[in-house]
Amino acid sequence: MVNDDAADRPTPPLREDLRLREAAPGLRGDPAWVIQDTVLNRFYRIGWLEFECLLRWEQSPRQISRQIAAQTALRPEVGQVLDFRRFLEQNQLLRPGPEGIARLQNGSPSRRWTSWRWWLHHYLFFRIPLLRPQRLLGRVAGHLDWLFHPFMAWAVILLSLAGIVMVLHQWDSFASAVVESFTTEGLLSFALALIVAKTLHELGHALVATRLGLRVAHMGVAFVVMWPMLYTDTGESWKLPSARQRLAIASAGILTELGLAGLATLGWALSDPGPLRNALLYLATTSWVLSLALNASPFMRFDGYFILSDLLDLPNLHERSSALARVALRRTLLGLPEPWPEDFAPPRRRLLVAFAMLTWLYRLVVFLGIAVAVYLFFFKALGILLFAVEIAWFIAMPVWRELRHWWARRREVVPGRRLLLGAVLLGLLLLLAVPWRTQVHAVGLARAEMQMRVFAPYPALLQQVRPAGPVRAGETLAVLDEPDIMARSQANEASIRGYQERLAGLIADPSGLERQAGIRQRLGVQVEQARAARAEMARLQLQAPFAGQWLDLDPERRGGQWIGSRELIGVLVDPSRWQVDAYVRQDEVQRLAPGGRLRFYPEGQPTPIEGRVIDVGSTRINQLEHAALASRFGGPLGVAPHGEALVPTPALFHVLVQLEAPPPALRETRGHLQIEAARRSLLGEGLTRVFAVLLRESGF
């Protein structure tokens with residue numbers, strides 16, 4: 001409905017300081033113009049209808065619509081003119097009257113800071129201008145013309161490709177260097193590299209804008225949820241009539257950072273180990289990751305978004321695609337005959353709707369991550385408050401607004417569609433509430449229940465090693481020799497024979513009784529030493545304490561080689577009984593009980609092995625016993641750096657499993673387990689976790 005009084009009242013005059021510029025036509029050839037607010041340096045793109053309205057401004061909306069219909073091919077309605085006037089009023093593009101002046105006074109900075117909305121907005125986002133670089137950029141841009149020559153672009157591309165190829169040839173060294181850089185000193189170096197890369201990134205935007213004749217009003221730091229980010233004001237890019245020129249400004253930062261990353265990668269590959277190579281590593285990894293993962297993403301308002309907007313020639317891409325997606329949901333789910341907010345061809349409309357939904361999912365993950373980070377970075381009371389603000393502002397409020405719109409138009413929904421929606425919601429509720437989830441997933445290492453790693457008792461000379469294969473209990477696995485012990489044993493035997501002969505000679509000598517006691521004492525010492533030497537030599541005969549398989553022999557080991565006490569000779573396993581040391585998360589362990597059935601899937605084997613739970617740990621483990629499971633050595637379980645100890649993160653509990661058959665390789669094998677556990681619904685599990693978190697965090 002159109003208010004007749006508003007339709008017949010003359011429109012307020014425009015501000016005198018506004019500028020109107022012709023813009024490049026759209027993809028379909030429709031003309032476009034840009035309104036420049038010279039005070040705030042903001043730009044507003046308008047179409048043919050809005051331009052015709054401005055030509056006839058300061059008349060009533062009804063008169064404007066009639067004149068446009070009479071003098072052009074357009075047939076506007078009065079409501080469209082009123083909507084355009086509201087747009088100009090909301091952006092303060094009209095000359096304020098008495099009511100407008102009062103509204104501006106009420107919204108002045110001296111009063112806005114007392115509003116909770118002002119504090120919320122400035123907590124979520126605010127900018128601090130630091131530089132007005134136009135004069136400096138004008139001088140620098142002239143000296144850097146050589147950077148924009150096509151030869152330089154091709155040179156940087158070829159050098160970057162060469163660096164990537166060289167790094168791929170020494171990928172193990174590069175990956176280990178990245179892993180080893182996650183220290184306090186390394187994180188500080190990453191932060192410094194980030195500052196350097198982002199400074200050059202913003203200079204790329206500023207220099208391209210300057211070369212195209214635009215004014216860079218200021219550069220500074222923007223805080224997004226208290227996280228600092230450099231920014232460059234290139235708002236004047238809307239002056240440019242060519243979308244290709246705007247695309248050059250939007251992509252300049254990413255191209256600068258990618259070029260920096262490529263050259264740093266080449267420098268790392270060519271430099272020797274040292275501080276320079278470490279600095280190039282930090283610069284390369286920071287630039288590659290942030291350019292490709294963050295700045296190139298079109299789902300947030302970073303460079304990738306503006307690049308995609310210019311390529312599609314769709315300003316305000318997020319808002320326009322989201323409006324299409326909301327209408328698509330209402331038409332599809334509720335069957336509401338809502339008109340499309342804009343007229344697009346069906347294929348293009350479907351692409352925009354899909355893009356909006358991907359943007360929603362992406363932002364949901366990002367905003368949840370930001371909320372968790374905000375909670376962790378601040379002290380607990382403020383962290384909980386800011387966490388709630390993040391969830392309410394970014395997630396709950398948009399959903400609530402849409403649901404409120406659905407509820408207001410509930411009577412327009414077709415009855416059959418209501419029943420279908422009710423059935424779907426009931427099905428989802430049952431899916432969440434019914435305790436159908438029975439399995440607990442875990443990772444573990446299969447090992448023989450009886451196994452023995454065979455080492456030399458002390459450094460010795462290897463005489464022979466039994467070949468790999470089955471052995472019986474008591475059979476010799478390896479024979480070692482220690483020449484010093486053998487020489488000492490022979491000396492002891494010779495001393496024993498000498499003392500025995502002397503005792504035999506003193507028996508016939510009446511005066512030898514006094515000497516016999518001393519000789520017998522020395523003879524006893526030699527006997528004990530000989531017995532100790534024989535015991536040490538017996539330890540060098542390594543025998544199997546049980547029957548099993550003799551495995552993991554070093555094929556390069558030969559008789560006559562010296563072997564240390566920490567060098568593994570081989571492993572003896574009993575192949576008949578195998579167990580698994582499994583590790584389960586803290587929130588899953590309560591669902592397990594001894595006797596539960598399970599399946600163990602060895603890595604690389606599609607056929608599972610049946611088994612049962614023997615024991616469930618009652619306390620969290622302090623460290624992993626099997627290094628093969630730790631992420632530090634390529635395993636599936638994350639560990640925190642704690643010296644040589646492998647401390648798992650998050651908390652894990654040990655579960656001992658008995659297998660009914662051995663793994664095919666008959667050796668220690670990593671794998672995944674599916675353990676039958678107590679039934680639990682997704683809804684009950686979610687509520688349990690929520691209440692557990694609330695209970696844990698309530699003690700501040």
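Ala, Val, Leu, Ile, Met, Phe, Trp, Tyr, Cys and Pro count here as nonpolar, Asp, Glu, Lys and Arg as charged, and everything else, Gly among them, as polar. Sorted that way, the lining of the second largest pocket in this predicted model comes out as 21 nonpolar residues, six polar and one charged. The pocket itself has a volume of about 1100 Å³. Of its 28 lining residues, L147, F148, A252, L255 and T256 are the closest to the centre. Three helices, α9 (150-169), α11 (184-211) and α12 (243-270), each put at least two residues into this lining, and α12 gives the most, with nine.

Now for the charged pairs. Side chains of opposite charge can pair when their charged atoms come close. The count here is 28 salt bridges. One of them joins E236 and R215, at 3.3 Å from N to O. This pair links distant parts of the chain, 21 residues apart: E236 is in the loop between β6 (227-232) and α12, while R215 is in the loop between α11 and β5 (219-224).

The salt bridge between E475 and R466 has an N to O distance of 3.1 Å. E475 is buried, with a relative accessible area of 17%, since the cut-off for buried is under 20%; R466, at 27%, counts as partly exposed. In the salt bridge of R591 with E588, the closest N and O atoms are 3.0 Å apart, and both residues are buried.

Notes. Residues numbered from 1 in each chain as written. Predicted model: local features only at pLDDT ≥ 70, side-chain atom pairs only at ≥ 80, totals over all residues. Heavy atoms only, no water. 1 Å grid on protein atoms, 1.4 Å probe; cavity = no way out; pocket = protein on both sides within 12 Å on 5 of 7 lines; lining within 4 Å. Points joined across faces, edges and corners; volume = space filled by probe spheres on them. Helix = DSSP H or I, 4+ residues; strand = E, 2+ residues; numbered from the N terminus. Salt bridge = Lys/Arg side-chain N within 4 Å of Asp/Glu carboxyl O. Buried < 20%, exposed > 50% of the residue type's maximum accessible area, 1.4 Å probe, protein only.
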